[in-house]
Amino acid sequence: MTNNSSDTEQVPTHIAVIMDGNGRWAKSRGLPRVAGHRAGADAVRRIVEAAASAGVSYLTLYSFSSENWKRPEEEVRDLMGLLRRYLKAEIAELHGKDIRFKVIGDRKRLAPDIIRLIEDAEEMTAENSRMTLVLALSYGAREEIASAARKLAQSAAMGLINPEAIDEEVFAAHLYTGGIPDPDLLIRTSGEQRISNFLLWQMAYTEFTFVDKFWPDFSEEDLGQAIRDYSKRERRYGAVVHNR
Ligand code: IPE
Ligand code: IPE
Ligand code: MG
């Protein structure tokens with residue numbers, strides 16, 4: 001695949017982002033953590049547009065992990081307030097840009113009005129095709145894998161599926177990401193170099209890049225740079241490749 005910024009640039013089909021560093025961004029300015037989350041939401045708006053313009057087909061943003069429920073009540077409330085505001089303000093805009101919206105994670109833990117906003121947004125944008133924006137909310141990869149195993153075990157116990165038929169493809173289809181291709185590129189901001197329970201199954205062959213900037217400072221140019229770096233990588237998937 002090519003795009004206009006370079007003749008040979010390989011644009012990743014699916015980019016996943018661990019948007020980290022909002023709290024430290026705020027602290028470095030002497031602001032409360034919520035100010036960092038607000039600035040982080042502005043960065044989301046910019047990067048969604050930049051990714052779609054670059055020709056990315058799937059953008060998955062880690063917005064709230066299953067472990068983030070352990071944060072102080074006030075911070076969780078602030079984050080949920082920002083999420084509510086984002087869903088109310090941005091979905092019509094995404095729809096206007098032909099972007100499909102989807103949420104992965106244990107959405108039952110979210111407030112009923114937020115679940116409703118998510119369902120409406122997914123339904124309204126279901127047929128859009130320019131890019132799919134996936135928000136990981138109340139998402140934990142181990143929980144996702146356990147829940148896929150549970151669903152398959154229930155189907156087997158009911159005689160609906162033969163355990164022998166459970167292979168990688170069947171298993172993947174039972175994850176929250178069923179139908180979505182695996183990420184080609186993972187970006188984590190803030191300088192931390194860990195996965196923090198994100199997309200463990202799906203990232204078996206993903207290329208990783210760690211950016212030394214807090215998420216609110218991550219710019220369109222930084223995204224472009226990450227895509228250019230990715231395009232120089234040689235992906236081998238365990239095989240011997242002689243293509244350069
Ligand atoms: C990422 O920023 C946003 C969420 C995890 C919700 P953090 O809030 O983790 O910011 P730091 O890592 O404390 O700086
Ligand atoms: C990962 O960031 C989750 C999100 C970005 C939503 P955290 O800040 O929660 O991760 P740790 O605690 O540094 O591993
Ligand atoms: Mg963090």
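Biologist: How far is a polar side-chain atom of Arg33 from an oxygen atom of ligand 1?

Modeller: The model is a predicted one, and the distances here are computed from it. Arg33 is among the residues that come nearest to ligand 1. A polar atom of the Arg33 side chain and an oxygen atom of ligand 1 are separated by 2.9 Å.

Biologist: How much of the area that ligand 1 exposes when taken alone does the protein bury?

Modeller: Backbone atoms also approach ligand 1: a polar backbone atom of Gly23 is 2.9 Å from one of its oxygen atoms, and a backbone N or O atom of Arg24 lies 2.8 Å from an oxygen atom of the ligand. Taken alone, ligand 1 exposes 380 Å². Of that area, the protein buries 87%.

Biologist: Which element gives the most to the shell around ligand 1?

Modeller: The space that ligand 1 takes is the largest pocket. Two or more residues of the shell come from each of helix H1 (22-28), helix H2 (33-54) and helix H3 (73-96). With three residues, the element that gives the most is H1.

Biologist: How many residues of the shell around ligand 1 are charged?

Modeller: There are 13 residues around ligand 1, and Asp20, Arg24, Arg33 and Arg71 are among those that come nearest. The shell contains two nonpolar and six polar residues. The charged residues number five.

Biologist: Turning to ligand 2, how far is an N or O atom in the side chain of Ser196 from an oxygen atom of the ligand?

Modeller: The surroundings of ligand 2 include Asn68, Arg194 and Ser196. An N or O atom in the Asn68 side chain is 2.9 Å from an oxygen atom of ligand 2, and for the side chain of Arg194 the corresponding distance is 2.8 Å. For the side chain of Ser196, the distance to an oxygen atom of ligand 2 is 2.6 Å.

Biologist: How much of the accessible area of ligand 2 does the protein cover?

Modeller: Ligand 2 sits in the largest pocket. On its own, ligand 2 has 390 Å² of accessible area.

Biologist: From which strand does the largest share of the shell around ligand 2 come?

Modeller: The shell around ligand 2 divides into four nonpolar, three polar and four charged residues. Tyr62, Ser63 and Phe64 are among the residues that surround the ligand. The largest share, three residues, comes from strand S2 (residues 58-65).

Biologist: Is Ser190 buried or exposed?

Modeller: Ser190 lies in the loop between strand S5 (185-188) and strand S6 (207-210). Its phi is positive, at about 90°, although Ser190 is not a glycine. Most residues other than glycine have a negative phi. The relative accessible area of Ser190 is 8%, which is under the 20% limit and therefore makes the residue buried.

Biologist: What is the phi of Ser196, which is not a glycine either?

Modeller: Ser196 is found in the loop between S5 and S6. Its relative accessibility is 30%, between the limits of 20% and 50%, so Ser196 counts as partly exposed. The phi of Ser196 is positive, at about 50°.

Biologist: Which side chain does a polar contact join to that of Glu122?

Modeller: Glu122 is found in helix H4 (residues 112-124). Its relative accessible area is 19%, under the 20% limit, so Glu122 is buried. A polar contact of 2.8 Å joins its side chain to that of Arg107.

Technical notes
Residues are numbered from 1 along each chain as its sequence is written. Chains are lettered from A and ligands numbered from 1 in the order in which they are written. This is a predicted model: local features need pLDDT of at least 70, side-chain atom pairs count only at pLDDT 80 or more; totals for chains, interfaces and linings use all residues. Side-chain values use heavy atoms; hydrogens and water are left out. A residue is near a molecule or strand if one of its heavy atoms lies within 4 Å of it. A polar contact is a pair of N or O atoms within 3.5 Å; within protein, one must be able to donate a hydrogen and the other to accept it, and residues adjacent in sequence count only if both atoms are side-chain atoms. Accessible areas come from the Shrake-Rupley method with a 1.4 Å probe; for residues, only the protein chains shown count as cover. On a 1 Å grid over the protein atoms alone, a cavity is a set of points where a 1.4 Å probe fits but cannot get out, and a pocket is an open set with protein on both sides within 12 Å along at least five of seven lines; lining residues have an atom within 4 Å of a point. A molecule sits in a cavity or pocket if more than half of its atoms lie within 2 Å of its grid points. Helices (H or I, at least four residues) and strands (E, at least two) are DSSP runs, numbered from the N terminus. Ala, Val, Leu, Ile, Met, Phe, Trp, Tyr, Cys and Pro count as nonpolar, Asp, Glu, Lys and Arg as charged, and the others, Gly among them, as polar. Buried means under 20% relative accessible area, exposed over 50%, partly exposed in between (1.4 Å probe, protein chains only).
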